[in-house]
Structures are given as C-alpha cells and as structure tokens.
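Hi everyone, thanks for coming. I'll walk you through one structure today, so let's get it up on the screen.

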Amino acid sequence: MASQHHDHTVGHEDGQHHEGMSKGKIWRVFFYLLALTALEFFIALVLVHGGVISKGLGVNIVYIVLTLFKAYYIVAYFMHLKFETFGFIMSVTIVFLFIIYFIALMLTEGTYMKGHFNPFPFWPNN
C-alpha cells in the first residue's frame with residue numbers, strides 16, 4: 001500500500017503545475033497582463049488626461065476590449081481553464097454568458113422603471 005502511494009506522488013515532485021504550464025509561460029502571461037495594464041494607464045493618463053483624445057464611446061470600447069483580453073489570460077492560464085476539456089469550457093462559458101444577459105436585462109428593466117414609475121413626486125428622477 002505504501003509503495004502505491006509513493007508511486008502516485010512521484011509525478012508531482014517535478015515542479016510542474018499542469019500540462020503546458022511552466023514557469024516561463026507563467027512569466028510570459030504575467031508580462032502580457034502587465035503590458036495590457038500599462039497600455040490602459042497610458043491611454044487614461046497620457047492620451048485622455050493630456051487632451052490628445054477625448055473621452056467617449058471609442059475610449060470606452062478600447063477599455064472594454066483590453067479588459068476582456070486581460071480576463072481571458074487570467075481565466076485561461078492562471079485559473080487553468082485552457083487546459084480543461086471542451087465540455088467543461090463550454091458549460092462555464094454558457095453560464096457566464098447567461099449571467100451577462102441577465103445583468104443586461106435587469107439594467108434595461110431598471111432604466112424603464114426609473115423613467116416610467118415615480119412613487120415619490122417630491123424626489124425627481126435625475
């Protein structure tokens with residue numbers, strides 16, 4: 001019995017966390033995330049605050065896209081979702097999309113209720 005346990009633990013002593021993940025890949029993903037964050041700060045502090053570009057829909061879309069790239073790298077590599085089976089990835093993705101859809105619906109309904117239902121006329125909607 002003890003030899004079976006020893007044989008099972010021998011494979012975990014080499015220092016690798018998961019298939020395909022090495023220290024080099026972890027550092028590479030870290031530097032990708034660092035570069036994306038530095039780009040976001042550059043846009044916010046130099047371009048927008050400096051007056052080179054103005055705030056608006058375009059800047060917001062760029063921030064959303066950069067944030068989605070960062071979220072992908074975090075979920076795929078640091079949470080090891082990239083190394084899971086296709087079925088598990090799809091089940092997590094479908095649930096995530098459903099939650100986003102639910103949030104969008106609640107925001108839409110809340111905006112409608114705020115504009116069309118005012119039970120306290122002394123507190124105007126702003």
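Let me start with a question: where does histidine 80 lie? Histidine 80 sits in the loop between α3 and α4 (86-116). A word on those labels: helices (H or I, at least four residues) are DSSP runs, numbered from the N terminus. The phi of histidine 80 is near 60 degrees, a positive value in a residue other than glycine. Most residues other than glycine have a negative phi. Histidine 80 has 23% relative accessibility, so it counts as partly exposed; buried means under 20% relative accessible area, exposed over 50%, and partly exposed is in between, with a 1.4 Å probe and protein chains only.

Now some ground rules. This is a predicted model, where local features need pLDDT of at least 70, side-chain atom pairs count only at pLDDT 80 or more, and totals for chains, interfaces and linings use all residues. Residues are numbered from 1 along each chain as its sequence is written, and side-chain values use heavy atoms, leaving out hydrogens and water.

How confident is the predictor? On pLDDT, its confidence in each residue from 0 to 100, the chain has a mean of 80, and 77% of its residues reach 70 or more. Confidence is highest in α2, at a mean of 92, and lowest in helix α1 (residues 2-10), at 50. Over residues 7-18 the pLDDT is below 50. Where pLDDT is low, the predicted coordinates should not be read in detail.

Overall, the chain has four helices and zero strands. Buried residues make up 11% of its 126 residues.

Let's look at α2. This helix bends by about 25 degrees at phenylalanine 42, the bend being the angle between axes fitted to the seven residues ending there and the seven starting there. Its buried residues are Val29, Leu33, Leu36, Glu40, Ile43 and Val48, and they pack against α3.

So which residues form the largest nonpolar core? There are six: Met21, Val29, Leu33, Ala76, Tyr77 and Phe83. By nonpolar core I mean a set of buried Ala, Val, Leu, Ile, Met, Phe, Trp, Tyr and Cys residues joined through side-chain atoms within 4.5 Å. Both α2 (23-48) and α3 (57-78) supply at least two residues of this core. A second, separate core has five residues, including Leu36, Ile43, Val48 and Leu66.

Last stop, tyrosine 77. Leaving aside neighbours within four places in sequence, tyrosine 77 is in contact (heavy atoms within 4.5 Å) with Met21, Lys25, Val29, Lys82 and Phe83.

Note on methods
pLDDT is the predictor's confidence in each residue, from 0 to 100.
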